Each structure stands twice: as structure tokens, then as C-alpha cells.
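Biologist: I am new to this structure and would like to learn how to read its features. Could we take them one at a time?

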Amino acid sequence: MVRKEKTTTGMRLPPQHQGLEVKIPSFFRCPISLDVMRSPVSLCTGVTYDRASIQRWLDSGNTTCPATMLPLPSTDLTPNLTLRSLISHWSASAASCSPVAGSAAFFAGPSPAALVRQVASSGADPSAALRELAAYLSDDDVDEFEKNALVGAGSAAETVASVLRRKGEQISVAGAEAAVRVLAAIVALDGIEDANKRRVAAGLAVDAAASAASLARVLRGGSCLEARIDAARLVEFLLANAGAEAKVAVAESSELVAELVRLVGPVDEKGGLDKKAMDTGLSCLAAIAGSRRAARADMVRLGAVPAAARALQATTEPSSSAKALRILESAVGCAEGRAALCKDAEQTVPAVLDKMMKSGRDGAEAAVAVLWAVCHKYKDRRAAEAAAASEGGLTRLILLLQSGCSAAARQMALELLKIYKVNAKSCLAGYDSKTAHIMPF
């Protein structure tokens with residue numbers, strides 16, 4: 001690509017063509033970098049910047065608009081599609097007028113379209129081509145129009161997804177991991193249109209069982225934790241965008257569920273948990289639990305209950321807590337799940353109570369459903385005793401009743417209050433607040 005000199009109003013060409021100047025419209029330049037914008041986005045102040053430049057500005061802790069210095073009530077970035085289209089057309093026109101625009105010296109290696117064709121070739125190992133495609137899609141200097149054209153019209157999404165549908169002996173773990181990197185990049189990039197992202201799910205859903213098997217292989221034998229997380233993110237994306245039949249195929253993959261449970265677990269010898277790995281694994285397990293009731297027993301058998309309980313005790317993120325609680329809510333719907341939870345009731349029940357008011361409304365209602373199932377409906381003595389002995393447990397149930405929860409959650413909370421004894425003066429013995437007594441009845 002021909003680079004410009006920032007001190008001039010034009011684009012400086014190589015020495016043999018220095019008599020030619022390409023004039024750059026001033027409003028095509030980013031106010032921060034002064035370069036032609038590749039991904040123009042607008043702030044709430046109405047000023048447009050290149051995404052990479054303004055993101056660095058915001059990530060540095062700045063809370064003002066760089067051009068106007070006005071405070072930003074919102075840091076949302078809105079793509080300026082009109083300006084992007086103008087820049088794209090101008091770039092194409094400038095390139096066609098440049099005597100060096102088509103010079104092969106400006107391209108290193110095969111074109112992206114040629115890489116896609118290499119991947120589609122059944123007789124070749126696609127690993128190298130896939131790694132180059134992943135680098136191309138992750139390159140901030142590549143125009144987002146070009147990336148979208150490659151993914152959409154260029155059929156890159158479907159072609160790469162077909163690699164994961166190959167049987168185990170037809171593709172190595174390294175090849176599957178490289179394919180996962182490409183698809184994860186497509187799904188994660190803000191500049192890729194949603195319709196093109198959905199091509200990834202559609203490609204994987206063609207044979208969801210085979211895709212699940214390949215993703216499980218990467219989760220099990222990936223070269224690094226980041227590769228395993230990328231594979232789990234594709235599982236989550238597939239579950240969110242595929243049809244019912246594909247979701248069932250994913251939920252029925254025991255090897256995949258086992259690897260997702262392992263992803264939530266310790267990542268080192270000291271038992272440490274990785275926040276991204278844990279959150280992604282919980283997202284997948286919660287989606288599987290909600291997609292098919294028959295998957296509950298299999299998830300429990302593979303260790304989902306202790307994994308979710310461990311994550312519940314370790315995380316401070318409300319969203320992660322809510323996901324762990326939804327997994328436990330699904331698990332207690334079967335006898336095996338209740339047995340697994342009550343086996344360590346002394347640790348699990350207090351953890352559920354502790355996160356009841358720290359995980360949003362959905363998490364709170366999942367927590368009360370878990371406690372109601374094991375303490376009231378099925379009357380497990382260990383769980384009821386752990387709840388009654390839990391510090392602050394009664395207070396949290398009362399706060400839940402006052403929080404505007406659903407009618408079903410309110411009824412379950414009222415029934416759970418019965419496990420706390422009332423003394424002769426009708427004061428709640430378990431109520432441990434130092435403020436004035438709150439009578440829930």
C-alpha cells in the first residue's frame with residue numbers, strides 16, 4: 001500500500017512517480033492520527049474518528065472528546081457507514097489512477113481469495129493457509145469492507161467451517177485450531193456484519209455433531225489456553241444462532257461438555273482459575289443446560305455441579321455468578337444434580353445465598369429456585385441446615401422479597417423462610433442485621 005507523508009496535503013508516491021499527487025479530502029483523515037480512516041466511527045459529540053485511534057484514547061482513561069474536549073456522557077462508538085463508503089470509493093478511484101496500484105511488489109504471498117481456495121482444496125493441509133487468513137482478518141490495517149467481502153461474497157466463513165466438519169483422521173488438531181482462530185476472529189470483529197457472522201453458525205450447523213467433535217478436540221488438545229477459549233466461544237455462538245436440531249447435537253456431545261467443564265476448572269497446579277476461560281465455559285454450559293432437559297443428567301455426570309459451585313465461590317462478576325446459578329438451577333431438576341449439590345452442601349449452599357443479591361435479577365431468581373428445590377421441595381436435611389446456619393441468609397431472602405422479584409420467586413422465598421426458626425417473641429432468631437427488626441409477615 002502506498003503511504004502518505006503527514007506533512008503534505010497529498011499522498012507521496014514512489015520516486016519514479018513523484019510528479020503525481022493524490023489529493024486526500026481533509027474529512028477523510030482521523031483528527032487524532034491524521035491518517036485516512038479505515039473504520040470511521042462517531043462519538044456522541046458528532047465527531048468522527050478512526051476506530052483504532054479513538055479506542056486507544058478511551059482505553060487510556062480519557063473521558064472527553066479529543067476534538068472538542070467536551071465531556072462524554074457515553075463512550076459508545078457508532079460506525080459512520082456513509083463516510084466509510086465514500087472513503088472506500090475514493091480509495092478505489094485513487095488506486096486505479098496510480099501506476100503502481102496493481103504492482104505485485106505491494107503484495108506479499110497469496111491473496112486472501114487464493115488462501116480460501118487453498119483451504120477448500122481437500123488434498124492439501126490447510127493449516128498454513130488458515131493461519132495466514134487469521135492474520136489477515138486480525139490486521140487492523142486491512143479495510144473492513146475487504147474483510148466483509150472475503151467473509152461474505154468470498155465464502156470464507158463457509159469454507160473454513162467445512163474444515164471443522166471433516167472427520168478426525170482428515171484434519172489434525174493444529175489444522176482444527178487454525179480454523180477455530182479464523183472463525184473466532186470473524187465472530188469477534190466489530191466491523192464484520194452480523195449477516196456475515198451468522199454464516200459461521202450456518203456453516204458449523206451443516207453437520208453440528210462433527211463440528212462439536214472438532215471443537216472438543218481443540219478444547220482438549222489446543223496449543224494454548226487462548227485457543228481453547230476461542231473454541232468455546234464458537235460453541236457459544238453456535239448455540240445462540242443455530243436451529244434446534246444443531247443445538248441438540250451440541251448438547252448431546254459428551255466429549256464437548258466434558259471439555260467445557262474442564263475449561264471452567266483450574267488452569268495451573270495451584271488451582272487458579274482464568275477469568276475469561278471460566279466465564280466462557282459457564283456461558284456454554286448454561287446455554288446447553290437451557291437448550292435440552294435431557295442434557296442435565298449428562299452434565300451432572302461430567303462434573304458440571306462442582307465446577308459451577310467452584311466458579312460461584314471464586315468469581316466476583318455478577319454475569320459469571322448468574323451463569324453458574326443457572327447451571328445449578330438446571331442441575332437440581334434431576335436427582336443426580338441434587339445429590340451432587342447436597343454432597344458439599346456446607347460450601348455450596350452458603351455460596352448460593354451469598355451470590356443471591358450480587359448476580360442481577362436472573363441470578364437472584366435462579367438462586368432462590370436452587371435453594372427451594374433442595375431445602376423445601378425435596379427437603380434435604382444437609383441443605384436445609386446449611387441454609388439455616390448461613391450468615392446473612394435470612395436477610396438476603398427478605399431483601400429478595402423487597403426487590404420486586406417475580407411472583408414465582410416470591411412464593412419460593414416465602415416458603416424458604418420457614419426453615420428459619422421464630423422465637424417466642426415472634427422475633428426472627430436467624431435475622432442478624434444490627435438495624436431495626438424487619439418483619440416479613
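Modeller: Start with burial: a residue counts as buried when its relative accessible area is under 20%, as exposed when over 50%, and as partly exposed in between. This is a predicted model. With a relative accessible area of 9%, Asp-230 is buried.

Biologist: What share of the 441 residues in the protein chain is buried?

Modeller: Buried residues account for 47% of them. The protein chain has 22 helices and five strands. Among its contacts between residues at least 6 apart in sequence, 63% join residues at least 24 apart.

Biologist: Which residue forms a salt bridge with Asp-230?

Modeller: The general idea comes first. Side chains of opposite charge can pair when their charged atoms come close. Here the side chain of Asp-230 meets that of Arg-181 in a salt bridge, at 3.2 Å from N to O. Asp-230 belongs to helix α10 (residues 225–241) and Arg-181 to helix α7 (residues 173–188), so the pair ties together parts 49 residues apart in sequence. Arg-181 counts as partly exposed, at 27% relative accessibility, whereas Asp-230 is buried.

Biologist: Which residues are linked with these two in a network of salt bridges?

Modeller: The network links Arg-181, Glu-226, Asp-230, Arg-233 and Lys-276. Within it, Arg-233 forms a salt bridge with Glu-226, and their closest N and O atoms are 3.9 Å apart. Arg-233 is partly exposed at 34% relative accessibility, and Glu-226 is partly exposed too, at 29%. In the whole structure, a search finds 17 salt bridges.

Biologist: How should I read a salt bridge inside one helix?

Modeller: An α-helix has 3.6 residues a turn, so residues three or four places apart point the same way. For a case here, take Glu-365 and Arg-361, which form a salt bridge with the closest N and O atoms 3.2 Å apart. Both lie in helix α19 (residues 360–377), four residues apart, and are separated by about one helical turn.

Biologist: Next, helix α16: how far does it reach from its first C-alpha to its last?

Modeller: A helix can be checked against the span expected at 1.5 Å a residue. Helix α16 covers residues 318–331, 14 residues in total, and reaches 20 Å, close to the expected 20 Å.

Biologist: How many of the residues of α16 are buried?

Modeller: Of its 14 residues, 10 are buried, so α16 is largely enclosed by the rest of the structure. Among them are Ser-320, Lys-323, Leu-325, Ile-327 and Ser-330. The buried residues of α16 pack against α13 (275–291), α14 (295–301), α15 (304–314), α17 (335–343), α18 (345–354) and α19.

Biologist: Which element gives the most to the lining of the second largest pocket?

Modeller: That is α19, with four residues. Elements that each supply at least two residues to the lining include α13 and α16. The second largest pocket has a volume of about 300 Å³ and is lined by 17 residues. Arg-296, Glu-329, Ser-330, Val-332 and Gly-333 lie nearest its centre. Its lining divides into seven nonpolar, three polar and seven charged residues.

Biologist: Let us end with two single residues. Is Arg-84 buried or exposed?

Modeller: Arg-84, in helix α2 (residues 81–97), counts as buried at 8% relative accessibility. Leaving out residues up to four places away in sequence, Arg-84 touches Ser-39, Pro-40, Pro-79, Glu-144, Phe-145 and Gly-191.

Biologist: Where is Ser-26 found?

Modeller: Ser-26 sits in the loop between β2 (21–23) and β3 (40–42). Its relative accessible area is 61%, and Ser-26 is exposed.

Technical notes. Residues are numbered from 1 along each chain as its sequence is written. This is a predicted model: local features need pLDDT of at least 70, side-chain atom pairs count only at pLDDT 80 or more; totals for chains, interfaces and linings use all residues. Side-chain values use heavy atoms; hydrogens and water are left out. A salt bridge is a side-chain nitrogen of Lys or Arg within 4 Å of a carboxyl oxygen of Asp or Glu. Buried means under 20% relative accessible area, exposed over 50%, partly exposed in between (1.4 Å probe, protein chains only). The expected span of a helix is 1.5 Å times one less than its number of residues. Contact means heavy atoms within 4.5 Å. On a 1 Å grid over the protein atoms alone, a cavity is a set of points where a 1.4 Å probe fits but cannot get out, and a pocket is an open set with protein on both sides within 12 Å along at least five of seven lines; lining residues have an atom within 4 Å of a point. Grid points are joined across faces, edges and corners, and a volume is the space filled by probe spheres set on the points. Ala, Val, Leu, Ile, Met, Phe, Trp, Tyr, Cys and Pro count as nonpolar, Asp, Glu, Lys and Arg as charged, and the others, Gly among them, as polar.
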